[in-house]
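Welcome! Here are a few exercises on how two chains meet, each followed by a worked solution. Have your viewer ready and try each task before reading on.

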2 protein chains.
Amino acid sequence: MKSEYDKIIKSVAAEVVENIVNMIDSDNYRFAVPIGISNRHVHLSSKDVEILFGKGYELSKMKDLKQTGQYACKETVTIASNIDGKERLIENIRILGPMRSESQVEISATDSRYLKINPPVRSSGDLEGSSAIKLIGPRGSVDLKKGCIIATRHLHLSTLDAEKMGIVHGQIIQVKIDGIKPGVLGNVYCKVNDSYVLELHLDNDDGNAFLVKSGDYAEVLL
Amino acid sequence: MKSEYDKIIKSVAAEVVENIVNMIDSDNYRFAVPIGISNRHVHLSSKDVEILFGKGYELSKMKDLKQTGQYACKETVTIASNIDGKERLIENIRILGPMRSESQVEISATDSRYLKINPPVRSSGDLEGSSAIKLIGPRGSVDLKKGCIIATRHLHLSTLDAEKMGIVHGQIIQVKIDGIKPGVLGNVYCKVNDSYVLELHLDNDDGNAFLVKSGDYAEVLL
């Protein structure tokens, strides 16, 4: 009876180990996704475009971005904070189109330390309670009461990509990056839409901390 | 017989799961270590101090650092790159003492992108093949043929701390950081010495990517 038990225990243990190894090694659980590093940028409302660039001004497209319908404009603005009576500027902030209902400024924590402001980490468009910031254009300036954020790490997926990976819109995942400064980035928000192109959006701080650039790959951990 | 097998299988499976959960949850495998964020800085040779500040000049201590015998000086220098005929400067780089046999400049990847140079990720003192950079002081300048690096993530441990954690000098570990931008930082080099004070040294890019500051804690993953 004892040796019978031993045989069973050994075979169960072997089965458990095999299952675990299969799970860890399985290609089904590993997906490589291309990284897109987002430099600081602004999205503008049509109203603010007119204040910053003049009545009737139309922004010019410089180039299309990877996400369908999104583009970088030729024009840039300056952003400014005013803390303890001192104005701090960052110039040449790229405008991304198309226009939005509300202006939004996305910067890195490095930028926020320079500006001495403390923007929250947020998904695009989630601006309630975000930081005040000033926009300065060639023809005028706008004092935004809110609108400045550090963008949440996020992954754009088409509906097909999402199905393939078993990911649903709003899911929070982790991604793994290899290299000389490797690691795992948590709290990555998944955005699923038919129009999206597979792309992991990280800001400059994440890109520089992990020494990755646009076009490099990360691995989705599920 | 069949139900006898089932009972055994269920009890073995339960035992395996409990062991795994215990291992994961065990305090024995979790150590919190305080983080120290290193801003860009230089270590200077006595020879270079004289060139930069004048013959016989002695640097003044501003404050002691956490690691025994290390201190920040009141003096700063400017560093400069010269790429494609254009000089790019970063001013007010803190000098850390004591003097070393060879001057060394530690910057972040963000700095290196601004300077348009490509320093390797290295441990302090491992300067072979590192980047050229210019040091500018109030009385002179030095063209370092090598000496500029991005510092490897590293953990200082006393011999006692290392024994407690089961870590040996030279071991590569991972650390986990919680928060709104959480994750795991890999390739952390462990330095063990009787004189060391427990401290995880990360550069500004890592600090800003994970939104941590000096005095925050990371968890050692063993």
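**Exercise 1. Count the salt bridges between chain A and chain B, and examine one of them.**

Solution. Start with the count: four salt bridges join chain A and chain B, where a salt bridge is a side-chain nitrogen of Lys or Arg within 4 Å of a carboxyl oxygen of Asp or Glu. Next, pick an example: Asp206(A) and Lys181(B) meet through their side chains at 3.4 Å, N to O.

A note before you go on: this is a predicted model, in which local features need pLDDT of at least 70 and side-chain atom pairs count only at pLDDT 80 or more, while totals for chains, interfaces and linings use all residues. Residues are numbered from 1 along each chain as its sequence is written, chains are lettered from A and ligands numbered from 1 in the order in which they are written, and side-chain values use heavy atoms, with hydrogens and water left out.

**Exercise 2. Describe the extent of the contact and the area that it buries.**

Solution. First, list the residues in contact (heavy atoms within 4.5 Å): 30 residues come from chain A and 30 residues from chain B. Then take the buried area, the accessible area (1.4 Å probe) that two parts lose on being put together, summed over both. Chain A and chain B bury about 2,600 Å², with 63% of it on carbon and sulfur atoms. Finally, look at chain A: Ile8(A), Lys181(A) and Asn208(A) lose the most area to chain B, together 20% of what that side buries.

**Exercise 3. Find how β12(A) pairs with strand β12 of chain B.**

Solution. Strands here are DSSP runs (E, at least two residues), numbered from the N terminus, and two strands pair if DSSP finds at least two bridges between them. β12(A) and β12 (residues 183–192) of chain B run antiparallel, over three bridges. Now zoom in on Val184(A): its bridge partner in β12(B) is Val184(B).

Note on methods:
Helix = DSSP H or I, 4+ residues; strand = E, 2+ residues; numbered from the N terminus.
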